[in-house]
Amino acid sequence: MAVLKMQRIYIYALMKYCKDILETLQRRGVVQVENLEPEDSVFFKEDTSSLQSQYNRSAAVAREAQSILAQYVPQKKSMLSSFKGRDRLTAEEYRKFSNETQDSLRAAYDIVSCQKNIDMYEAEKVKYQSQLEVIRPWLSLDVPMNFSGTATTAAFIGKFSEQLTSTDILTRLAELIPEVEEIDVEMIHSDKNQTCVFILAMKKDADKVSDALRRIGFEYPSYVSPVVPRTREKEINKHLSHRDGRILEAQENIKAYSEYYPKLAFLEDYYTAKSDRYKAFDDIVASNNTFILSGYIPDPDVQELKEYLETHFDAQVELEPSDTDDTPVKLKNNKFAEPTETVLATYSYPDRHEADPTSVMAVFYYLFFGMMFSDAGYGLIMALVCGILLLKFKNMEAGTRRSMKMFFWCGVSTTFWGLMFGSFFGDAISVISNTFFHSPPPQIPGLVTPIWFSPIFDPMKMLMFSFLLGIIHLFTGLGFLAYNDIKKKEYLSVLFDVVSWYLLVGGAILALLSLEMMRDIAGFVLPPVFLSIGGIMAAAGALLILFFAGRYSANPVMRLMKGLYGLYGATGYLSDILSYSRLLALGLATGVIAQVFNQIGSLMGGGVFGAIFFIIIFVIGHSLNIGINALGAYVHTNRLQFVEFFGKFYTGGGKEFKPFKINSKHYTVKEEI
């Protein structure tokens, strides 16, 4: 349990080594580069924005090409591929991919270009298909759709948005223009949605006929074929066939690059890393011949990096201790506690002046999760699944691996408490034995009978045990507060802010446990002498809080008021202790729901059909129970840490250490390169 010491590092070197040094820092990932501003006219900031844009574009093209290629040549992925992590390249593989970047980039542009052509042809197909839909009702027309008539006649080619007969049309026209008698209507197509017609009138009557047609709902087609519709249909089909051929050709060209997928993935990582490297130039200052780089580095990594830079690049490395509020935080914990660093980071990193609570928090975290989940069968499944995934996928991402480790230990804790409480898939063994074998189950400790006790049959005992663990948890938080005060040499604060609460809360608990009414609740009563001892302790603690909780106020009245408000905080401790009853509530929920599903499964009795029904209900029911109550245990375990535990001592607000490193998406590279 430690917050690693940080040092401020300054690197001075010749400009010709700048790229190599940045690559070294990026590869090792141990320095958080900080921005430097030139303090002398000799130094300046080098503008690399154009290079960054160029490499970002190349990375984007590689990324787009991968996405396109995956559409036509799907990549095989298993259900567990998300646990696989990034592939690990050897030095030889890295050099091979690096030497092929230009060829890979050309392939990426070719893939993107082929896809653009496909998109263009698809858009043209839509246009031609729209034209085809428009002219399809006109295929029986034997003149072009833009035909307007002869020297003595006027032609009107269009449609009505309803189903009509030629008689209907002539009748409506006669009502509007009775003086015009020479009108011929030819039906081209008719259905319930439209009526397509060819109307011929004398040229001298063209204006009257046109106006009358408009008034009865005549419309011209949205597309007018310049040739006979049947001829235009053949032309359109020829265009569509041609586009289909070009699309197929482009698709085959893309598929021909199927072996390039890993190269394209490397290309994206390669240019992303180069862009990040040039982005680091924004944080360094340079002259014509030299440059200066500054940042933070954890103390354990200092010596090795310093020797490497001085030996290989003749760099000058200066170091100075850094303990300011701006100094980033990096944690170092053992393998048991390290997985719960994710939980701590979710809340906040510790600041530079307080202890890292991860190791102690981990013990309580696993303990509380196991008590809430509290079924040996469920815990065994969780531990086995997480353990197998950890062993199978060696390259699992660091964040995922931490989560898997954390849930592995949560599974171990759940198995332990399930055995202590006698829950193995609820009472599955008893139900199976009674239903299918018609005999009492074997009295196996932990699987059938509890090693300690069953919360379902003795809930008050579980409640008292939960309160006990809660008090220990809260007092441990106060202990951290005392430790942080001692680190800052604020010894009086230990007395006034920690010991006072130990006395008040601890004394109140001793006095309460000395009352006779606690016999039925707790199962025991302390000797009467503890009533006096507890009362004295509580009174002493209350006086310390009353007179010293507001000790920083100069006004005596305000100091007393703050002291009274501090005493009001005792209700907060009562609320916090009661919060630990959720250990009982969630533990009971898991066990009771498991037993309910077992009872439902046994409703069909023994026999083949009963066994099949039991298996189906068992699998579905317990799967639901695992999912729901594992989530509940996770959420409420986090709450007990964030609210009850951290609320007693934790300041937080530290800045996470974010080193300059290779932010690859697909590959990791061994340090030897």
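Biologist: Which relative accessible area counts as buried, and which as exposed?
Modeller: Buried means under 20% relative accessible area. Partly exposed lies in between. Exposed means over 50%. This is a predicted model, and the values here are computed from it.

Biologist: Is Glu268 buried or exposed?
Modeller: The relative accessible area of Glu268 is 4%. The cut-off for burial is under 20%. Glu268 is therefore buried.

Biologist: Which side chain meets Glu268 in a salt bridge at 4.0 Å, N to O?
Modeller: The N to O distance is 4.0 Å, and the rule asks for within 4 Å. The partner of Glu268 is Lys665.

Biologist: How many residues apart are Lys665 and Glu268?
Modeller: Lys665 lies in the loop between helix 21 and strand 12. Glu268 lies in helix 8. The pair links distant parts of the chain, at a separation of 397 residues.

Biologist: Is Lys665 buried or exposed?
Modeller: Lys665 has 52% relative accessibility. The exposed class starts over 50%. So Lys665 counts as exposed.

Biologist: Which residues do salt bridges that share partners join into one network?
Modeller: Glu268 and Lys665 meet in a salt bridge. The network holds these two together with one further residue, an arginine. Its members are Glu268, Lys665 and Arg63.

Biologist: Where do Lys306 and Glu310 lie?
Modeller: Their side chains meet in a salt bridge of 2.9 Å, N to O. The two are 4 residues apart, about one turn of the helix. Lys306 is partly exposed at 22%, and Glu310 is partly exposed at 29%. Both residues lie in helix 9 (residues 302–313).

Biologist: Which residue forms a salt bridge with Arg136?
Modeller: Arg136 is partly exposed, at 39% relative accessibility. The closest N and O atoms of the bridge are 2.8 Å apart. The partner is Glu133.

Biologist: How many salt bridges does the structure hold?
Modeller: The bridge of Arg136 and Glu133 is one example. The total is 26.

Biologist: Why do the buried residues of helix 3 line one face?
Modeller: The buried residues of helix 3 (residues 91–99) are Ala91, Tyr94, Phe97 and Ser98. Seen down the helix axis, they fall within a limited arc, so they line one face of helix 3. That arc is 130°.

Biologist: What covers the buried residues of helix 3, and which exposed residues face away?
Modeller: The cover includes strand 4 (87–89), helix 4 (101–135), helix 8 (261–279) and strand 12 (667–669). The face turned away from the buried side carries exposed Glu92 and Asn99.

Biologist: Which residue lies over the face of Phe97?
Modeller: Phe97 is one of the buried residues of helix 3. The distance to its ring centre is 6.0 Å. The residue over the ring is Lys96.

Biologist: Over which ring does the charged end of Lys263 sit?
Modeller: The charged end is 4.6 Å from the ring centre. The ring belongs to Tyr260.

Biologist: How many aromatic pairs are there, and what is the geometry of Phe436 and Phe614?
Modeller: The count is 53 aromatic pairs.

Biologist: What does the pair of Phe436 and Phe614 tie together?
Modeller: Phe436 is partly exposed at 22%, while Phe614 is buried at 6%. Phe436 lies in helix 14 (residues 428–436) and Phe614 in helix 21 (residues 607–645). So the pair ties together parts that are 178 residues apart in sequence.

Definitions and conventions: Residues are numbered from 1 along each chain as its sequence is written. This is a predicted model: local features need pLDDT of at least 70, side-chain atom pairs count only at pLDDT 80 or more; totals for chains, interfaces and linings use all residues. Side-chain values use heavy atoms; hydrogens and water are left out. Buried means under 20% relative accessible area, exposed over 50%, partly exposed in between (1.4 Å probe, protein chains only). The arc is that of the directions from the helix axis to the C-beta atoms. Contact means heavy atoms within 4.5 Å. Rings of Phe, Tyr and Trp (its six-membered ring) pair if their centres lie within 6.5 Å; planes under 30 degrees apart count as stacked, over 60 as edge-to-face and the rest as tilted. A charge sits over a ring if NZ of Lys or CZ of Arg is within 6 Å of the ring centre and within 35 degrees of the ring normal.
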